[in-house]
Amino acid sequence: MPTQADVMEKIVALCRRRGFIFGSSEIYGGIGGFWDYGPLGTELKRNIKDAWWNDCVRNPPPGPNGIEYQMVGVDCSIIMNPKVWEASGHVGGFKDPMISCRQERCKKLFRADKLFIIGFYDQADIDDAEPVIEEAQGIATRDRQEANTLIQSLPHSHIPRFMKTLEADTPEDAVSQVPFDSLSHSVRRQFRGNPCPACWRLDRPLPPSWPPARCPICGGELTEARAFNLMFETHAGALQDSSSKVYLRPETAQGIFVNFPNVVKTSRVRLPFGIAQIGKAFRNEINPRNYTFRSREFEQYEIEFFCHPSEAAMWYEYWRDLRHKWYVDLGLRSDKLRLRDHEANELAHYAESCADVEYDFPFGLSELEGIANRTDFDLKAHIEKSGKDLSYFDDQRKERYVPYVIEPSGGVDRSVLAFITEAYTMDEDRASPEFMNFHPRLAPIKAAVFPLVAKDGLPEIAEPVYREIKKHVPCQYEAKQSIGKRYARMDEAGTPFCFTVDGQTKEDDTLTVRDRNDASQIRIDKSRCVEYLRDRLGL
Ligand code: ATP
């Protein structure tokens, strides 16, 4: 029985071998946290984005009680006025506290929250946590490092309460506590399996001296926790000083918020409506890992759905369920997919409710998408910072207000990885033991046409069949190699059907159709290939 790590290794190897995913700039040794999609991966990713755009923007189902609503798209710049990121709380706030090992040989970086959490695990409760919490709260507003050191001495059951109190007492500072907001959430999740702190793989044993007062990798001395801004910085223009400093966007959402009034004025949308965007986002992740799951450059698909505050709870539930169903409909049918509502103490201070769509990868249960009721937090933050009026006049209700926002925010690359993981199937009894069971909408190639041998007039019959099919769906033609090898290649690419022209075709115009999933074959008339694909692929 292969371990989860073996399965992951096989998936990575197949993705590399068949051109789904390569490491970026491999000929120079690669670069951590950056990936390239090869020919098959590019088609797969495009199919996922197209499915999302079609199902969420061009043709979404009706809302609750059959309400029709509008969805429109934007495609915003990656570099924006830095004030956007001040208003959103990313400048100054979007930081992970980091601890590194002082040992020259090691220098390993750890997310402080993760290290602390691990440190808390299994520690006996201290008798009276109250004075420590109070002291840490006081200090946290002045000096994060000192507070971090202090909360190390708390047992982990007290952390959520510490965070909660901190948020309530100091709202501005709460923004700068972003990584801590998610602590209680991660605590429970990461603890269950005692993952390795360096790679988060569950199958690595923990170091014997635990919790770590020293580096869990080499035993070296650790630095204090330091803030580490996750935004990539660069300069716009010739001058390279603080006045020209700009950031690569860490999320696509803010482009939508700042364009809210433009869209309202120019496209005649009426509330409730949504604005969608697919695009690149960049985060200088401390510890990119788990293949493409945590990358430094990735793509997001995000919707900001604007509605009247009184209807926000209803739309939140609608989007939460719809987004979960979307993954199921596209093939994440196994019990590895979960919809998890956040508990009250996990919510960011601006969010009224939040749920994650999670997938149980070989490296553990991890978030694909978050759906949140973000209230009027973002629009109000931009109103305050820009001094512009981003409120909305509702002519049905005869009322002016700042809309509430429901945000389904997902990662395209994480979806690609989930669809690949789910599709990956091993069957040692077949000639081709590995195949990708992609949903027909997502399969990079939908059909292949082969002459059984590259002679005897068979290519002359197969080529026109191929040319006809590729007018309708992505199709490949292959005449060389043994037929078994050609089938195996198509199985690994996840191609649902292969049509093979053989000696009998010359006699009765029929060819064989082979089904990827069970390798069964039937004969059909060669003029019926397109019709057959339409029926079977549901396209
Ligand atoms: P995580 O807790 O895993 O870092 P997050 O909660 O910070 O994720 P969001 O800020 O909510 O993520 O971003 C929305 C979506 O963007 C996530 O659900 C995820 O699919 C994707 N995403 C975020 N960070 C990354 C990353 N480093 N690599 C790939 N996708 C990412």
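User: Which residues touch the most other members of the largest nonpolar core?
Analyst: This is a predicted model, in which local features need pLDDT of at least 70 and side-chain atom pairs count only at pLDDT 80 or more, while totals for chains, interfaces and linings use all residues. Residues are numbered from 1 along each chain as its sequence is written, and side-chain values use heavy atoms, with hydrogens and water left out. A nonpolar core is a set of buried (under 20% relative accessible area, 1.4 Å probe, protein chains only) Ala, Val, Leu, Ile, Met, Phe, Trp, Tyr and Cys residues joined through side-chain atoms within 4.5 Å. Among the 64 residues of the largest such core, those touching the most other members are Trp319 and Ile420.

User: Which helix gives the most to this core?
Analyst: Helices are DSSP runs (H or I, at least four residues), numbered from the N terminus. With eight residues, the leading contributor is helix H13 (residues 312–329).

User: Is Thr495 buried or exposed?
Analyst: Thr495 is in the loop between helix H17 (483–493) and strand S21 (497–501), a strand being a DSSP run of E with at least two residues. Its contacts (heavy atoms within 4.5 Å), not counting residues up to four places away in sequence, include Ile445, Met490 and Arg516. Because its relative accessibility is 1%, Thr495 counts as buried.

Definitions and conventions:
Buried means under 20% relative accessible area, exposed over 50%, partly exposed in between (1.4 Å probe, protein chains only).
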